[in-house]
Amino acid sequence: MAVRVHIAAAILTLVFAVVHASDPSPLQDFCVAVPDANAGVLANAVFVNGKICKDPKLVKPEDFFFPGLNKPGSTANPLGSNVTAVNVNQIPGLNTLGVSLARLDFAPYGLNPPHTHPRATEILVVLEGTLLVGFVTSNPGMNMKNKLFTKVLNPGDVFVFPEGLIHFQFNQGQTNAVAFAALSSQNPGVITIANAVFGSKPPISRDVLTKAFQVDKNVIKYLQSQFWWDNHYYP
């Protein structure tokens with residue numbers, strides 16, 4: 001009897017782990033999202049995962065289609081990188097399906113700076129160039145340091161960034177680099193650490209940041225005065 005209880009508990013644990021691994025599973029073939037601008041005019045609208053379902057009779061092939069990811073994004077910015085995101089806002093048919101995609105372009109020594117995806121795990125494959133990638137664990141405990149997992153990737157190499165953890169990609173080569181990433185959410189979100197901490201509006205109190213980073217207040221003043229570039233492009 002005790003063995004059966006343990007087996008049942010293990011199965012329930014596994015089920016709950018799978019349920020919480022990505023966006024909620026759909027209960028129908030598809031739920032094509034209605035554009036947000038049109039949502040308010042629908043009298044009998046039904047919200048699913050934050051998006052309203054389009055009448056299935058009005059769904060078209062174009063609702064599941066996005067062109068142009070063969071074209072490189074512009075890396076003419078201070079970071080030398082461009083992330084072209086394709087999520088539910090670009091492909092309405094992704095609504096409730098729990099996946100999205102991004103193309104990452106890097107100039108020589110271009111950087112996709114430390115950031116997190118609060119709602120998704122990311123799996124990345126390199127097509128061209130050489131990327132230094134890595135992620136940092138969450139706080140491990142008293143008097144212990146966050147651990148960095150890092151790897152140099154070449155064409156054909158794949159790397160996974162667990163959900164919610166800070167990670168980065170850096171082109172350490174002298175040629176352009178290209179990668180594609182899949183994410184386990186229709187709308188994974190992104191928090192670029194430096195932008196959020198030093199570029200928020202209104203700004204975080206300098207007293208708070210001075211104490212948090214253990215630096216002179218003038219350093220914080222300087223950092224908050226910079227323009228923190230957003231390298232994410234949403235077609």
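User: Which residue in E9 is the bridge partner of Ile123?
Analyst: Ile123 has Val160 as its bridge partner in E9. This is a predicted model, where local features need pLDDT of at least 70 and side-chain atom pairs count only at pLDDT 80 or more, while totals for chains, interfaces and linings use all residues. Residues are numbered from 1 along each chain as its sequence is written, and side-chain values use heavy atoms, with hydrogens and water left out. Ile123 belongs to strand E6 (residues 122–128). Strands (E, at least two residues) and helices (H or I, at least four) are DSSP runs, numbered from the N terminus.

User: What makes E6 and E9 a pair?
Analyst: Two strands pair if DSSP finds at least two bridges between them. E6 and E9 have 4 bridges, so they meet that rule, and they run in the antiparallel sense.

User: In what order do the 6 strands of the open sheet come?
Analyst: The order is E9-E6-E11-E4-E3-E13, with mixed pairing. Strand E9 (158–161) and strand E13 (232–233) are the edges because each has a single partner strand, which leaves one side of each without a neighbour in the sheet. At the E13 end, E3 and E13 pair in the parallel sense over 2 bridges, and Thr84 stands opposite Tyr233 in E13.

User: Which residues are on the covered face of E9, and which on the uncovered one?
Analyst: Phe159 and Phe161 make up the covered face, Val158 and Val160 the uncovered one. In a regular strand, side chains alternate between the two faces of the sheet.

User: Why is Ile123 called partly exposed?
Analyst: Buried means under 20% relative accessible area and exposed over 50%, with partly exposed in between (1.4 Å probe, protein chains only). Ile123 has 40%, so it falls in between.

User: Which residues form the nonpolar patch on the surface?
Analyst: Ile123, Val158 and Val160 form it, with about 230 Å² of accessible area together. Patch residues have over 30% relative accessible area and no salt bridge; nonpolar side chains (Val, Leu, Ile, Met, Phe, Trp, Tyr) are joined within 5 Å, like charges within 9 Å. The areas come from the Shrake-Rupley method with a 1.4 Å probe, and for residues only the protein chains shown count as cover.

User: How do you know that a disulfide joins Cys31 to Cys53?
Analyst: A disulfide is a pair of cysteine sulfur atoms within 2.5 Å. Cys31 and Cys53 have their sulfurs 1.9 Å apart, so they qualify. The pair links distant parts of the chain, 22 residues apart. The link is left-handed, with -100° about the S-S bond. Cys31 counts as buried because its relative accessibility is 1%, whereas Cys53, at 28%, counts as partly exposed.

User: What makes Lys54 and Asp63 a salt bridge?
Analyst: The rule asks for a side-chain nitrogen of Lys or Arg within 4 Å of a carboxyl oxygen of Asp or Glu. Lys54 and Asp63 bring their closest N and O atoms to 3.0 Å, so the pair passes. Asp63 is buried at 8%, while Lys54 is partly exposed at 22%.

User: How many salt bridges does the rule give?
Analyst: The count is 3. Among them, Asp105 and Arg103 meet at 2.9 Å, N to O, and both are buried. Lys217 and Asp207 meet at 2.6 Å, N to O. That pair links helix H5 (residues 217–224), holding Lys217, with helix H4 (residues 206–213), holding Asp207.
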